[in-house]
Amino acid sequence: MHSQRNRWRRDRVLLLLALPGVTALLLFHYLPLGGNIIAFQDFQPFLGIWHSPYVGLDNFEPVLTGDPVFLNALVNTLIITLIQVVFVFPLPICLALILNATISERLKRLTQSILYMPHFLSWVIVVALFQQMFGNGGMLNGWLRSADLSTFHIVGVPELFKLMITSQVIWKDTGWSTIIFLAALSRVDPAQMEAAVVDGASAVRRLWHVTLPSIRAVIVLLLILRLGDSLSVGFEQIILQQAQVGAGASEVLDTYVYNHGIVGGDWGTAAAVGLIKGIVGVALVLGANRAAHALGEQGVYTK
Amino acid sequence: MGEPSRLAIGARGLVLGLGCLAVVVPFWAVLTTSIASPEEISRAGGFVLWTREPTLDAYRAVLSGGIVTRALMVSAGITVVGTALSLVATITLAYALSRPGSLLHKPILLMTVFTLLFNPGIIPMYLTVKQLGLLDNYLALILPVLVNAFNVIVMRAFFLEIPGELLESAFMDGAGEVRILLRIVLPLSKAVVAVIGLFYAVAYWNAFFSAMLYLQSPEKWPLQLVLRTYVVNDTPIGSDQLSSNLENLPPQISVQMAILVISILPILLIYPFIQKHFAKGLMVGAVKG
């Protein structure tokens, strides 16, 4: 008892120091978790969480019965994730290999500073820049017009929307994502590399047998994180451009939740879809991590 | 090592060169168009890549009061206040967690890390902010993102690397926790505090969706919302929005590009400071966590 009191006296300052941060996390991460209860309610804003009637699983109907609007959002989400895993994920690895092979240190520094920069711009700015370059009144079409050539309609075309947002992601984050691969590449064992050269291995074989295996752990780790995030695709980016192309091409799970709940007032269904998305998201991270362990890799956490 | 072929070097140079152009050209086009004269713009029918008659009229129009000026002040205010509050909360929490064995150390650490795994969802977040009476309040843009668990973990890792003897001897001299944090730990952690402060600042400056979600009155809009309305959505911007005293309003496109430049500029200005820490390998530690 006595030691407990001593401990309290010693540590109360530390607890006080932790208090502001802990309060913020409790209020805005844990308290809202409880708010998911409205997924089981016919939520009426004027009645609030305490007085809205419970309706069982009614709100999950669009998910359970495969409502076309919901399915469209789910399919769009998965397609965009697939595109991005296949086409976007490998790019920073390639770029890092190129940067790593660049001998001039100054040139490397300069290109890195330029290529990392877009990462720090907001999505509003990136979308605005893309529209100004490729929009119907944008720079590209301005040139074509002045050269009396036919113009391109890229912005606002539903069929090209996924291509558009993929290009934006590539432009914004490919440079920045090289950082972690470059760090891994800097730890490739030079002795192994020299041995491969002495053995007469070609550049391609060295890449395949020495370089790539030594950064495999990092690649797997990032792939897991990306797959764990399969159900979240560029929410801000998409909501900014949705009005131009319509929901058919652009609705994803997050925008579905926003449009149905906050805009449309169908709080219960939106919360239900959000809740399922959250649970499946956590399961995906844990599952992908377990798969990585099964393959003998480290994963996000050990054990 | 084997000599790389000329072809390989050329191909690599080409890729890097094109990549850099893809980043630089849009910035350049936006900048030159924002300072080009109205005649040049109408002659080019839009974008201008080189201007002989630079003018700052568009900036004067945008910055002489009106919606853009106000939004700029709002964004600056949120960024400064938000970053300061976030740093205080992050530093104090990271410090408390860097003293293993203290009361509730384990549960608080777990609770912090656990927030990285899930996201409460848009609807519950909105309802929480509403319940707390923060709708249409600038605090709604700060408090929900006050502490980023990832930043806490990174900062804690740095605090843990400070030699324990240093702290012990200060305790012997009768210094309290707060004094040790301020006099010993913080001076030794300037770099990590700077980097994390910059990350918070960039996040506050760039925040768009939280503003759209929680702020209802247009006169409270930060710059990103103004940018969305008048540049992305192309809503015409006239003297009503600008309350400008200029006789002739500059062309729409110059005004739009000026708004874009004004929102990019602060990022470009702090970018060298963020970059300074790349070399020290700090960022890699931060990215890896």
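Which residues have the most contacts inside the largest nonpolar core? They are Val226(B), Leu227(B) and Ile259(B), in a core of 127 residues.

This is a predicted model, so local features need pLDDT of at least 70 and side-chain atom pairs count only at pLDDT 80 or more, while totals for chains, interfaces and linings use all residues. Residues are numbered from 1 along each chain as its sequence is written, with chains lettered from A and ligands numbered from 1 in the order in which they are written.

**View 1. The largest nonpolar core, 127 residues**. A nonpolar core here is a set of buried Ala, Val, Leu, Ile, Met, Phe, Trp, Tyr and Cys residues joined through C-beta atoms within 7 Å. Buried means 20 or more other C-beta atoms within 10 Å of a residue's own (exposed is 12 or fewer, partly exposed is in between; C-beta atoms are placed from the backbone). Helix H4 (residues 67–97) of chain B gives the most to this core, with twelve residues; helices are DSSP runs of H or I, at least four residues, numbered from the N terminus.

**View 2. Zooming in on Ile259(B)**. Skip its neighbours within four places in sequence, and Ile259(B) is in contact with Val62(B), Val68(B), Val226(B), Leu227(B), Tyr230(B) and Val231(B). Contact means C-beta atoms, placed from the backbone, within 7 Å.

**View 3. Helices H8(B) and H11(B)**. The axes of H8 (residues 149–160) and H11 (residues 190–206) of chain B come within 10 Å and cross at roughly 175°. Axes are lines fitted to C-alpha atoms over the stretch in contact, with angles from 0 to 180 degrees between N-to-C directions. H8(B) and H11(B) are therefore roughly antiparallel, the word used for angles over 145 degrees. H8(B) brings Asn151(B), Val154(B), Met155(B) and Phe158(B), and H11(B) brings Val192(B), Ile196(B) and Phe199(B). That's six nonpolar, one polar and no charged. Ala, Val, Leu, Ile, Met, Phe, Trp, Tyr, Cys and Pro count as nonpolar, Asp, Glu, Lys and Arg as charged, and the others, Gly among them, as polar.

**View 4. Where the two domains of chain B touch**. The bounds come from an automatic or database domain assignment, and the domain centres, taken over C-alpha atoms, sit 31 Å apart. Eight residues of domain 1 meet nine residues of domain 2. On the domain 1 side, H1(B) gives the most, with four residues.

**View 5. Chain B against chain A**. This contact takes 71 residues from chain B and 69 residues from chain A. H1(B) gives the most to chain B's side, with eleven residues.

Methods:
Helix = DSSP H or I, 4+ residues; strand = E, 2+ residues; numbered from the N terminus. Parallel < 35°, antiparallel > 145°, perpendicular 65-115°, else oblique.
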